[in-house]
Amino acid sequence: MSIFKETNNTQLAREHLLKYTDISIKVITLEQFINESKHNYKGLEGANGAIEKRGDHFAIGLKNNKPETHENTFVHEILHKILHYENFPEVRYNIELVKNTIPQNFRKYLPRLAAYFSSVITHPEIYLRMRDNYDLKMEDYFDSLVIQKKVLLSNKGIFNSPEEEVFSNQQLILDGLEYFYYNDNQKRDLLTIFRNTSDSAYMSCRSLYKAVKKIGVYNPQSCLKAAALIRSHITSYGTKRSIGIFNKFWNAMVFYSIRSKGFIIENNDRLS
């Protein structure tokens, strides 16, 4: 990717990752990242970037027409991998539970939803480290995120059933948690739009944020507790509104960390 330029911050991020692994990094366009992946990354086109281990290297996809975000996004994606090695939880799904409870035609949505959940629970720590550990100019970066989120909020659309609308609101609650960790101007802007989009989802998200804030998400242990709380809150929101099968997506979610060598459930049992 010729448009990507190394900076002191990107070099520092590489050095920080070297504490955990010497796997090489290949920077490509986000379009190439999506096209070459074996996973379904539909919807990722609007993101600033993504990272994935491919064979003997990490591939980082950056949006080709957003060079002003490349430095921040590169550091952001490297921090995702650093948190992975530091044992922060990631969200995956119980394959056996999926086979037994979720119809085949619905299962294609699970990988992206799990990846999305993983991002939400680790972004507060990532934003904190971006601010504290690097000399980044983050205003343009957050502005670009706000544009993405405004598109998401404006695409609420027309639903085929009340259950579909509740499922959409559950995803808005999850996404909305992140807004509270943006810079003040962007946070105010997005929360106002969020409330106007769905007052129900907004009020539920605000309540959830207050509970998550008490636990904290800034170390692996508290992040795991927060993740379990978030899942419980979202499923409760669906249960109260008789969402039916859509709640099974959240019930199938399990929490994984590199040192656990398996899936961690709230009671500390593991699924290999």
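1. A residue is called buried when its relative accessible area is under 20%, exposed when that area is over 50%, and partly exposed in between, as judged with a 1.4 Å probe on the protein chains only. By this definition Phe167, at 12% relative accessibility, counts as buried, and Phe246 is buried with a relative accessible area of 12%.

2. Please keep in mind that this is a predicted model, in which local features need pLDDT of at least 70 and side-chain atom pairs count only at pLDDT 80 or more, while totals for chains, interfaces and linings use all residues. Residues are numbered from 1 along each chain as its sequence is written, and side-chain values use heavy atoms, with hydrogens and water left out.

3. Rings of Phe, Tyr and Trp (for Trp, its six-membered ring) form a pair if their centres lie within 6.5 Å, and the pair is stacked with planes under 30 degrees apart, edge-to-face over 60, and tilted for the rest. The whole structure holds 19 aromatic pairs. One of them is the stacked pair of Phe167 and Phe246, with 4.9 Å from centre to centre and 25° between the planes. This pair links distant parts of the chain, 79 residues apart, since Phe167 belongs to helix H7 (residues 162-179) and Phe246 to the loop between helix H10 (220-240) and helix H11 (247-251); helices here are DSSP runs (H or I, at least four residues), numbered from the N terminus.

4. The rings of Tyr179 and Tyr182 have centres 6.2 Å apart and planes at 55°, so this pair is tilted. Tyr179 is buried at 0% relative accessibility, and Tyr182 is buried at 3%.

5. Phe167 and Phe246 also belong to one aromatic cluster, together with Phe106, Phe117, Phe249, Trp250 and Phe255.

6. A charge sits over a ring if NZ of Lys or CZ of Arg is within 6 Å of the ring centre and within 35 degrees of the ring normal. Arg92 lies over the face of Tyr256, 3.7 Å from the ring centre, and the charged end of Arg241 sits over the ring of Tyr237, 3.7 Å from its centre.

7. A pocket is an open set of points on a 1 Å grid over the protein atoms alone, with protein on both sides within 12 Å along at least five of seven lines, and its lining residues have an atom within 4 Å of a point. Among the residues lining the second largest pocket are Ile3, Phe4, His70, Glu71, Lys137 and Asp140. Helix H3 (70-85) and helix H6 (139-154) each supply at least two residues of this lining, and the largest share, three residues, comes from H3.

Definitions and conventions
On a 1 Å grid over the protein atoms alone, a cavity is a set of points where a 1.4 Å probe fits but cannot get out, and a pocket is an open set with protein on both sides within 12 Å along at least five of seven lines; lining residues have an atom within 4 Å of a point.
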